Amino acid sequence: MEAEFLNFQNKIIVIAGACGGMGKAVSAMLAQGGAQVIALDLNEEKLVELCQQLPGEGHGYRVCDFGNIEGIEPVIDDVIKQYGPVDGFVHCAGTGEVRPLKMSKYPYMVSVMNVNFFSFVELVRCLTKRKAFNPGMSIVGVSSIGAFYGAPTKVAYTSSKAAMNAAVKCMAVELGGKGVRVNAVAPGATNTSMRQQYESYAQDTDSYKINQIRQYLGVCEPEDIANSIAFLLSDKARMITGTCLTVDGGKMST
């Protein structure tokens with residue numbers, strides 16, 4: 001899918017976690033389609049670098065700590081004040097930290113849920129307030145196929161993604177009357193720094209080798225995920241809401 005096929009001219013799209021592998025790919029694809037990208041992430045230096053590299057003009061950024069839920073609303077209020085109502089939102093922010101169950105104490109569980117799930121809910125809440133969005137707004141959360149099956153050490157991570165999938169359905173129903181669509185994309189194994197970190201300690205395990213076989217089309221690239229996100233954000237997907245699209249190289253079919 002070429003970015004030119006999807007027209008985002010005069011659209012303002014907020015991207016959380018814009019400096020990660022998927023976030024960068026999504027930002028670049030939307031900017032190529034004419035969107036004005038407002039990037040959110042924790043590292044200001046990386047945000048500045050990203051905005052300088054994006055095609056087009058008018059892009060902006062805000063430093064945002066997705067683990068600090070109470071600090072999100074002032075950031076979004078500032079974005080709306082400067083840039084006006086938005087047309088789209090993508091939640092790419094996330095942590096892939098895993099621990100065995102015996103080490104998954106409450107503070108750790110909360111820290112993962114804050115970044116992967118509660119920040120998503122809070123950002124959607126703030127971006128869908130009165131005068132914060134334009135009619136036809138589209139929201140896409142990046143979930144994971146891990147939400148659909150069990151794996152050791154991933155109680156916090158997979159729970160956070162499953163929570164996102166459930167929330168998307170409820171948000172879609174509640175916000176549909178406002179002309180807002182809400183969907184999720186669930187990537188399979190994707191060539192990002194998070195994936196590379198996982199490979200560094202798991203590549204010799206049986207579960208890793210089995211997963212490699214199951215994803216028979218191969219490891220996804222960030223651009224593969226960005227293609228799907230861009231489609232769901234676009235008017236081409238105007239009748240799609242409340243769903244989770246798996247982009248997994250066939251893994252869920254085995």
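At 36% relative accessibility, E97 counts as partly exposed, a label for values between buried (under 20% relative accessible area) and exposed (over 50%), worked out with a 1.4 Å probe on protein chains only. Its salt-bridge partner is R99, which is partly exposed too, at 29%. A salt bridge here takes a side-chain nitrogen of Lys or Arg within 4 Å of a carboxyl oxygen of Asp or Glu.

Keep in mind that this is a predicted model, where local features need pLDDT of at least 70, side-chain atom pairs count only at pLDDT 80 or more, and totals for chains, interfaces and linings use all residues. Residues are numbered from 1 along each chain as its sequence is written, and side-chain values use heavy atoms, leaving out hydrogens and water.

The structure holds six salt bridges, among them these:

| Pair | Closest N and O atoms |
|---|---|
| K129 and E73 | 2.9 Å |
| R99 and E97 | 3.2 Å |

Take K129 and E73, which form a salt bridge. K129 sits in the loop between helix 4 (106-127) and strand 5 (133-142), while E73 is in helix 3 (residues 72-83), so the pair ties together parts that are 56 residues apart in sequence. Helices (H or I, at least four residues) and strands (E, at least two) are DSSP runs, numbered from the N terminus. K129 is partly exposed at 29%, and E73 is partly exposed at 25%.

R125 and E122 both belong to helix 4, three residues apart, or about one turn of the helix. R125 is partly exposed at 38%, whereas E122 is buried at 13%. Salt bridges also link E73, D77, E122, R125 and K129 into a network.
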